[in-house]
Amino acid sequence: MELKPPALLADYDHVRRLAMQSLFKTLENFSEGTVIVDRNARVVWINRHYAARFGFDDPQAVIGLDCETVIPNSMMREVVQTGEPILLDILETDRDSIVVTRLPIKGDDGETIGAVGFVLFNEIKGLSPLVSQYARLRAELISTRHSLAQVRRPKYSFSSLIGTSAVSLEVKRQARRAARLASPVLLLGETGTGKELLAHAIHGASGRADGPLVTVNVAAIPDTLLELEFFGAEAGAYTGADRKGRIGKFELASGGTLFLDEIGDMPFALQGKLLRVLQEQEFEPLGSNRIVRADVRIIAATSADLPALVAQGKFRADLYYRLNVLTIRVPPLRERLIDIEAIACAILDKLTVETGAGRLELERDALALLCSYAWPGNVRELRNTLERAVLFSESERIDGRSLASFIGDGGAQGGGGTEATHGASGGIEASNYSDAMREFERRFLADALRAADGHVAQAAARIGMARATLYRRIVALGIEI
Ligand SMILES: Nc1ncnc2c1ncn2[C@@H]1O[C@H](COP(=O)(O)OP(=O)(O)OP(=O)(O)O)[C@@H](O)[C@H]1O
Ligand SMILES: [Mg+2]
């Protein structure tokens, strides 16, 4: 028997068209935003609300523009190009994330002639636990990436090391060689000579460059906390703040480099523990019986006279020998005067960019003055001096006269010391002697720390105070470093 098509077949087409229209109307009514683009992904129509979300008050004004110009991150072009819908997606906008659907529009011959996009949900957290989880995970990912990037990326490479004097070139040669080898590196040199910069460059050029670079500034951490900082602790190993447990720097640096800055300040007892880890390549976090492999390369640095500390019995000889394999002596600036011009120019170039002023330059007499000073604080002092000179200078050309008052005892250092004292005592509002003394001390120590770029050991040396005492006073007076 022949099957006859139902009599109402002609109406089916009608229903289909109505269905399409009402689907569009429903979505459009429901949607917080609708956009239609042509086959070239140019906006054909956009509703007022959606245009306003992207900062366009008049929807007419965006007609004919590329969709990405109006909606950054739009994927409508992909829909017109592939002819495939993107049924559910999350679009990141400046303000928030929205849930969108994008459908191709087909002509009678099945060709894609454009696309329509709807915002399904304005607030993705309303959509479902799944999407709100997405928002949370994304936020976590961003913050993790951020902290990883900070830990991992070396701040400096060999190209940041400026200097073409024979001694500087030799330092760079030794450092490049150290980067290729796996033994510990020991960087010796006065304060401000660039040891930290070298440590970053060595890590960055080493086979561990993709691993983390983790720094422990031994002088900045109270002796009692150093062991915890190094090896971490199992949850419950401590009561109080660290009850949750803590991952030590050795574990954090796994696969990368551990930079032990100011190693000369390491307490004697901990030196023995460090030596054991270096020899056995493993350690146990405090309060645990878990053995962690120490897959780290050590770079240690100090401005102290390590052999002298060994001779005095303050630094373990066996640890010194263990570290003293690839030793690089970073010479003080006064032994490489011909580097001063290049370093000073690089500093001024950077300051030019930072201040946004005209190009900063040194007059010949200013350069001569820089080369006649001994620079006890080395490159750091040179940088601070130039920064101050630029800050106070009226002109972009810095001459000897304007520079003189900022150099060393001519002003900044010695003069700065007395200034700091005046500054510290001036304007103290305290009703009694002990409060006034406390406030004076707080300001004086804060000034000293600022002058030493926050280096506790260095500030302590400058003002003639023991490092541990300075540390205690910082904590007691609530000074921020
Ligand atoms: N060769 C160099 N070229 C350019 N800048 C340098 C050079 N050496 C040091 N600097 C800069 O000088 C400053 C001090 O360097 P760094 O912190 O590496 O010194 P340091 O030897 O670790 O000092 P400290 O012993 O006080 O910790 C930094 O701003 C660094 O970028
Ligand atoms: Mg340093």
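Colleague: At what distance from an oxygen atom of ligand 1 does a polar backbone atom of Leu197 lie?

Modeller: That distance is 3.0 Å, and because a polar contact is a pair of N or O atoms within 3.5 Å (within protein, one must be able to donate a hydrogen and the other to accept it, and residues adjacent in sequence count only if both atoms are side-chain atoms), the pair qualifies as one. Please keep in mind that this is a predicted model, in which local features need pLDDT of at least 70 and side-chain atom pairs count only at pLDDT 80 or more, while totals for chains, interfaces and linings use all residues, and side-chain values use heavy atoms, with hydrogens and water left out. Residues are numbered from 1 along each chain as its sequence is written, and chains are lettered from A and ligands numbered from 1 in the order in which they are written.

Colleague: Which side chain has an N or O atom 2.5 Å from an oxygen atom of ligand 1?

Modeller: The side chain of Arg383 does, and a backbone N or O atom of Thr193 lies 3.3 Å from a ligand oxygen. The protein covers 91% of the 640 Å² of accessible area that ligand 1 has on its own, where such areas come from the Shrake-Rupley method with a 1.4 Å probe, and for residues only the protein chains shown count as cover.

Colleague: Which residues come nearest to ligand 1?

Modeller: A residue is near a molecule or strand if one of its heavy atoms lies within 4 Å of it, and of the 18 residues around ligand 1, Thr191, Gly192, Lys195, Arg380 and Arg383 come nearest.

Colleague: Why is ligand 1 said to lie between domain 2 and domain 3?

Modeller: Domain 2 (158-331) and domain 3 (335-477) both give residues to its shell, so ligand 1 lies between them; the bounds come from an automatic or database domain assignment. Helix H7 (195-205) and helix H15 (378-392) each supply at least two residues of that shell, helices (H or I, at least four residues) and strands (E, at least two) being DSSP runs numbered from the N terminus.

Colleague: What makes E3 and E4 a pair, and how many bridges link them?

Modeller: Two strands pair if DSSP finds at least two bridges between them, and E3 and strand E4 (residues 97-106) have five, in the antiparallel sense, so they meet that requirement. Asp89 has Val100 in E4 as its bridge partner, and a hairpin of four residues joins E3 to E4.

Colleague: Why are E2 and E3 called edge strands?

Modeller: They belong to an open, antiparallel sheet of five strands in the order E2-E1-E5-E4-E3. Strand E2 (43-46) and strand E3 (86-92) each have a single partner strand, so one side of each is left without a neighbour in the sheet.
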